[in-house]
Amino acid sequence: MKTAIVNLGTIISGDWREPTARGDSLLLVDGKIAAVGTLSADQTRACDVVIDADGATAIPGLIDSQVHNTFGDYTPRQKTVGFLESYVHGGTTTAISASEVHVPGRPKDPEGVKALAVAAMKCFEHFRPGGMRVHAGSIILEPGLVEADFKEIADKGVWLAKAGFGAVKTAFDYVPMVAAAKKCGMVTTLHTGGSSIPGSAGIWGDHVLAIDPDVSFHVNGGPVAMPDADFPRVVNESKIAMQVCTAGNLRTLLWTAELLQKADQFDRLLIATDTPTGSGIMPLGMMYTITHLVSLGKVPVESAIAAATGNNARIYGLNSGFLRTGCDADIVILDACIGGSQKTALDSLRNGDIAAVAAVITDGVPRFVGRSRNTPAPMKRVRVAECRVAQDYSGAAH
């Protein structure tokens, strides 16, 4: 399928070092970005779908790097069906599992957690709720897991490992398991801060530095943050990516961003929602955290968007998160909301407002064009200008 997006006012790249791309158009071919810039009339005419952005802003699809999926588009934690599809209407096009710890009766033995991770990964391999790509199947680290276990599941396609919810005597028991998972090429993540569910315990700076995961989850609290003294230590004594989440402590979220900026380590700042949890379901959670960083933390808006897109893609080794040739064609078109005080999406975010999600395209396929069901309508008339396939992409009901 070929899709063109034309008449863009701004193209945000997802790379905070080179935050914008030149041109006013994107060409998407067979699920990949084929061109960024200005398209010729011949290129546009050859497309199955042409979206007229009417001067709105394109950003990479948001990557939520901490989602508590189970099986299907359902969360037992909040007893809600369809939350992932709803997140697409908030601009999130990719979700990364924080482990399937919320599966009712989930196993706690080595064979059980291996089977759970493989099953979850396989169930989402071709299932895309609302068009969202879900990287599911994060093995929960439990006592008894050894390198051979990680190699076994890595050979089956599992590439995520989560420490923090296992029946260990002390968090330091995760050190050899995380090292073994890394040796098998897996991306390792660690619950950070106070306990979040019955049976878990606090994991603080000494633990984080000793365990040395690839990503320290929700350092600003999930929902309770680690002690203040630990934040500069993790920033300055490690290269661990520091994830901040919507369902956490706002003060330490802003401080984490400040510390990483001062250390010239902004690549390590990742945005996630850490949902569904006791904090609920947050379809606009990624965007709210962007607004908090920009309007309260004075982070440049393009950099905050990068923390929700390109930074996550780099750490997790994804081919999305950037609007550049060859990347997965996951794009969100944003604009200022009707009735707001600002005229553009970026100024809305700087003002602390959400932006209107005017269209979402994943895998090169428009999922909806015109307006989201979770945001106010856009000021600009983003529309399907030409369509040569038997599909109606307009409206918030799709």
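Select strand β1 (residues 2–6) and strand β6: 4 bridges join them, and the two run parallel. Strands here are DSSP E runs of at least two residues, helices are H or I runs of at least four, and both are numbered from the N terminus. Two strands pair if DSSP finds at least two bridges between them.

This is a predicted model: local features need pLDDT of at least 70, side-chain atom pairs count only at pLDDT 80 or more, and totals for chains, interfaces and linings use all residues. Residues are numbered from 1 along each chain as its sequence is written, and side-chain values use heavy atoms, with hydrogens and water left out.

**Around β6**

Stay on β6 (residues 49–52). V49 and I51 point one way, V50 and D52 the other, and all are buried. Buried means under 20% relative accessible area, exposed over 50%, and partly exposed in between (1.4 Å probe, protein chains only). V6 stands opposite D52.

**The open sheet**

Next, select β13 to β18. These 6 strands form an open sheet in the order β13-β14-β15-β16-β17-β18, with parallel pairing. β13 (138–140) and β18 (269–272) are the edge strands, each pairing on one side only. Zoom in on β17 (residues 241–245): 4 bridges link β17 to β18 in the parallel sense. L269 in β18 is the bridge partner of M242.

**Helix α5**

Move to α5 (residues 174–183). Its buried residues are Y174, M177, V178, A180 and A181. The buried residues pack against α4 (147–155), β14 (160–163), β15 (187–190) and α6 (205–211). Contact means heavy atoms within 4.5 Å. After α5 comes G185, with a positive phi near 85 degrees.

**F150 and its neighbours**

Select F150. Leaving out residues up to four places away in sequence, F150 touches I139, L141, L145, M177, A180, A181, C184 and M186.

**Last stop: α8**

Finish at helix α8 (residues 250–262). This helix lies across β17 and β18, running at about 150 degrees to β17. Axes are lines fitted to C-alpha atoms, for helices over the stretch in contact, and angles run from 0 to 180 degrees between N-to-C directions.
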